[in-house]
Amino acid sequence: MRRVTEYILIFVAAVLLQVFLFDNLNISPYLYPLFYVIAILLMPVDMKHARLILAGFVLGVAVDLLSGGAGLNTIAATATAFVRPAVLDVLVGKEALHEVGMPLPVGVGRGRWLRYTAVLVLVHCTIYFFFEAASFRYVWYTLLRILGSAVSTILLIFFTASFLPAGKTDGMSVR
Amino acid sequence: MYKLVQFFRKYYPIFLFVLLEVLAINFYAGSTSHTRATLVATTGKVTGWIYSVASSVGDYFSLRRDNKVLLERLAAAENRVAMLQSAAVVDTVCADSVQSRYVFATARVVSNSIVHQDNYFIIDKGTDDGIEENMGVLSADGAVVGYVHSCSEGYSACVSVLNRSFSVGGRLGGSEYFGSVYWNGTDPREVILSDIPRYADVAVGDTVRSAYSLRFPSGCLIGTVSSIDSSDDGVYYMLRIRLGARMNALSDVMLVRFTDYDELNGLAGEHFADNAHEGKKE
């Protein structure tokens with residue numbers, strides 16, 4: 001039960017931070033952090049694929065509704081949730097995953113975790129910005145937006161995840 | 001039959017994924033600038049008050065600059081009044097016909113964005129304060145920043161200049177050449193002025209002002225020419241215009257209503273540059 005509450009809290013916090021903080025930073029179109037992806041990244045490792053996809057969908061809808069995104073966030077978040085298990089398997093590896101409930105840097109190792117985050121955030125940003133541009137007319141501009149936004153998102157998520165309380169083997173906060 | 005069931009059991013996440021994506025893409029593809037602005041206006045009711053609290057704190061940091069701008073505007077307005085008063089003495093016959101067709105109001109921006117390709121901002125006034133759809137929005141120093149798209153009682157969602165469906169007629173300073181001003185979704189400091197013929201005299205630094213617009217009075221500053229290019233077919237100039245308004249630092253705005261908007265829009269709305277990009281999606 002504790003575990004469910006914890007994930008709902010992460011979910012809500014991610015959406016609120018995105019809508020009320022990161023959407024209003026307005027630094028530059030090249031640096032638009034899609035921070036809420038953290039909720040997909042931190043979903044439990046053993047979560048059923050279908051549930052994960054549904055969670056991604058709900059996450060996207062929540063952000064879309066609150067920020068007037070008209071479906072963009074839903075498209076990207078559902079796709080990111082869909083590819084997560086595969087990315088987790090390939091980049092983190094099965095042996096590092098058992099006994100880890102929530103994939104956190106301390107649980108799976110910083111290097112691995114960073115690679116896992118980078119790939120998923122890149123997938124998310126690529127889908128988001130290409131769908132937003134809806135044309136290949138200014139493709140270099142779109143690529144630059146993907147790169148800048150992905151890097152800022154990865155840094156923010158890495159920073160945040162490093163501060164989250166983690167239970168590696170004792171499972172205090174994940175079970 | 002059993003095999004079919006097993007097949008579904010094995011692959012149903014994929015079917016679920018495809019179904020949800022089709023739903024989302026379908027909704028996104030079917031959305032126009034109208035859908036999005038309505039969405040922004042609806043959620044604006046919920047999020048609006050949170051934003052107004054946040055922005056009332058932020059406002060203190062821009063007070064000094066805003067104050068200066070307002071004083072300058074006031075001085076210019078006083079000058080104009082003085083000038084008109086002296087003219088009216090001589091020419092009382094015209095007094096009736098100079099009655100303004102524009103009604104002004106002020107509001108405060110509570111939420112703004114420049115990072116998307118179709119940006120909107122929310123202001124803290126709505127139908128209760130006499131705000132109507134299609135009012136033009138100007139920055140405190142009088143530069144074009146957008147127009148009101150939809151209103152609730154207390155808030156209004158406005159289409160920003162930095163929205164690919166925004167467009168306004170623009171005239172080159174010092175000449176009679178005019179074209180259509182729009183944003184191509186790239187640089188948030190610049191918009192494009194197209195349809196200026198190649199034989200026009202253009203120089204970097206020329207001002208561009210609104211013209212033949214349904215929403216804005218003629219002569220509102222849009223920006224200054226920052227670079228000169230030719231269009232793809234080489235017949236026209238493609239001018240990059242540095243915006244006069246600081247879009248990433250909007251706080252107080254002026255709203256202007258053209259009192260004959262509905263009449264003129266109903267009669268010949270499609271001939272105005274304001275409606276050129278309406279609802280269009282690349």
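**View 1. Packing of H4(A) against helix H7 (residues 110–133) of chain A, at an angle of about 155° and with axes 9 Å apart.** The axes are lines fitted to C-alpha atoms over the stretch in contact, and the angle, on a scale from 0 to 180 degrees, is taken between N-to-C directions. H4(A) is therefore roughly antiparallel to H7(A), a term for angles over 145 degrees. The crossing of H4(A) and H7(A) is right-handed, that is, the near helix is turned clockwise from the far one by less than a right angle. Residues of H4(A) in this contact include A:Ile75, A:Ala79, A:Val83 and A:Val87, and those of H7(A) include A:Tyr116, A:Val119, A:Val123 and A:Ile127; contact requires C-beta atoms, placed from the backbone, within 7 Å. By class, 15 nonpolar, two polar and four charged residues take part (nonpolar: Ala, Val, Leu, Ile, Met, Phe, Trp, Tyr, Cys and Pro; charged: Asp, Glu, Lys and Arg; polar: the others, Gly among them).

The model is predicted: local features need pLDDT of at least 70 and side-chain atom pairs pLDDT 80 or more, whereas totals for chains, interfaces and linings use all residues. Residues are numbered from 1 along each chain as its sequence is written, and chains are lettered from A and ligands numbered from 1 in the order in which they are written.

**View 2. Helix H4 (residues 72–91) of chain A along its length.** Helices are DSSP runs (H or I, at least four residues), numbered from the N terminus. The 20 residues of H4(A) should span 28 Å, and the end C-alpha atoms lie 27 Å apart, which agrees; the expected span is 1.5 Å times one less than the number of residues. At A:Arg84, H4(A) bends by about 40°, and A:Pro85 follows within four residues. The bend is the angle between axes fitted to the seven residues ending at a residue and the seven starting there. Just after H4(A), A:Gly93 has a positive phi of about 90°.

**View 3. Packing of helix H3 (residues 49–67) of chain A with H4(A), at about 160° and with axes 7 Å apart.** This angle makes H3(A) roughly antiparallel to H4(A). H3(A) passes H4(A) in a right-handed crossing. The contact includes A:Gly56 and A:Gly60 of H3(A), and A:Ala77 and A:Ala81 of H4(A). Its residues comprise 13 nonpolar, seven polar and two charged.

**View 4. The contact between chain B and chain A, with 33 residues from chain B and 28 residues from chain A.** On the side of chain B, helix H1 (2–30) and helix H2 (33–58) each give two or more residues. H1(B) provides the largest share, 10 residues.

Methods: Contact = placed C-beta atoms within 7 Å. Parallel < 35°, antiparallel > 145°, perpendicular 65-115°, else oblique.
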